Structures are given as structure tokens and as C-alpha cells.
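Please consider the structure shown below.

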Amino acid sequence: MTEQQTNREEQKKQTERLVHKLITAIDEYPDKANNYYDLGSLLTRLQDYAQAEELFMKALGIFEAKGDQEAQNLLNYGLGNLYYEVGKVDQAIKLYNKIDDKKLKADSYLMLAQSYSKKKQYKQAVAYGLTAHELRPEDPEIDQALGDALLALGEFNQAASYYDAILKHHPGRADTQFNRGLVAMVLGEPYKDYLNQARQLDLDYYTKSEKRIAEIEKTLQATQKSQNDK
């Protein structure tokens, strides 16, 4: 067995132990919503979507019967994340909109912003992103969601300001470095350092996103040609 296979086997065993631990926690403390949320979220990360959905739905039934609104907020958020992950974005949006827990508000607004970006409804994404930003102004995930939606809308200077805010404290984010590089290209700023950083940080991400560089270069060339022809 190679070292890679050994590591994979060890990770699998650790995951199985964690799943077993969370199932035991639910059996011992069936009134604690966090136990259901943690297991459902883990199953979602493991892409065991059917079991995750079944667990969240069962748990929601339990806590709805008890009239426990705090638990329902948490479980709706977990189920919303599952639906977001599998591309059922409209169902996710309905669940995020149900959440009225102050502790989860910023997270639910962030997920609403990301959900509307997935639907290519970027103006709504910006609106929810700004609301999340008011609640948690220094969250890099919120800044990223805003930057990406503004980039898609062609609001390049505004997008740059959110990316710059992230890179000041989190320079190791490949997605931020890459998108900041795209913005720099459009704005006529030096951009190669951003793209090189993105390549070094996450080659897979860079390779998947590389076609966007060619698309922007093509657009810029067409714009320049159009201006020269006038």
C-alpha cells in the first residue's frame, strides 16, 4: 500500500469515527439541535446528500413539534446549505429567507448573495451581500461574494476595493488573487503578479479559471479595435 493509499484509509477511518460519534451524540441527547446540524453538515460535505436531507427533515419535524424556533433556524440553514450544494438554489433561498435568528443572519444573507450569484442575478446578490457586510464588515467570504457579483456586473473599481480588503489580511486566497488579476487587466493596472500568485496557491483552480483570462483579453482587444476604428 502506498503512502497516499494509507493516508486515504486513515482519513476514511477518521471520518467514520466522527460520523459514529455524532450519531451517538444524537442518541444520547436527542433534544440538542446542534447534534443533528453537525451530522447533517458532515454528511453534506461527504456528498451523502440523500441521508443528509433525510436527517435534516426528520430533525425539523422534531423541533417544529416542540415549537423550538432557534433549532428550526439552525436546521433550515443546514438544509439550505445542502440544497445550495446540490444546485436546488430556489429551495435554498426559501429556507435562508425563513431564518430570523440574529446569530445566523449574516450567514444567511451571505448564502442568499451566493445563491443569487449562482442564478446570475447579480444585483440581488450585491443587495444581500451589502446587508451581510453591514452585519459583519470584516468577513472575507462576504467581501468575496460582493467582489464576484460586482465583477460580473462590470463594476470593476468597486470589485477591486472588496478584493483589496481581503488581500490585506488574507493574501493566500487563490480565488481573490485571480479575480483581482482579472479586474486589474480590465482597469489597465499591472495584473501578472495577482495571476502568478493564484497559480502558485492553487494550480487546479487557476487551470479551471484560465479561460476567463483569454475571454477578457479578447473583449479588451475588441474594445480597443472598435475605438481605433472610430
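The expected span of a helix is 1.5 Å times one less than its number of residues. The model discussed here is predicted. In it, helix α8 covers residues 140-153, and these 14 residues reach 20 Å from the first C-alpha to the last, close to the 20 Å expected at 1.5 Å a residue.

At the start of α8, the backbone nitrogen of Glu 141 has a side-chain oxygen of Asp 139 within 2.8 Å. After the helix comes Gly 154, which has a positive phi, near 80°. Between these points α8 is mostly covered, with ten of its 14 residues buried. Among the buried residues are Ile 142, Gln 144, Leu 146 and Leu 150.

Thr 176 lies in helix α10, residues 174-187. Its relative accessible area is 0%; because buried means under 20%, Thr 176 counts as buried. The side chain of Thr 176 also makes a polar contact of 3.4 Å with that of Asp 175.

In soluble globular proteins, nonpolar side chains tend to be buried together. The largest nonpolar core of this model holds 57 residues, and Leu 75 and Tyr 96 have the most contacts inside it. Helix α4, residues 69-86, gives the most to this core, namely eight residues. Beyond residues up to four places away in sequence, Leu 75 touches Ala 33, Tyr 36, Tyr 37, Phe 56, Ala 59, Leu 60 and Phe 63.

Key:
Residues are numbered from 1 along each chain as its sequence is written. This is a predicted model: local features need pLDDT of at least 70, side-chain atom pairs count only at pLDDT 80 or more; totals for chains, interfaces and linings use all residues. Side-chain values use heavy atoms; hydrogens and water are left out. Helices (H or I, at least four residues) and strands (E, at least two) are DSSP runs, numbered from the N terminus. Buried means under 20% relative accessible area, exposed over 50%, partly exposed in between (1.4 Å probe, protein chains only). A polar contact is a pair of N or O atoms within 3.5 Å; within protein, one must be able to donate a hydrogen and the other to accept it, and residues adjacent in sequence count only if both atoms are side-chain atoms. A nonpolar core is a set of buried Ala, Val, Leu, Ile, Met, Phe, Trp, Tyr and Cys residues joined through side-chain atoms within 4.5 Å. Contact means heavy atoms within 4.5 Å.
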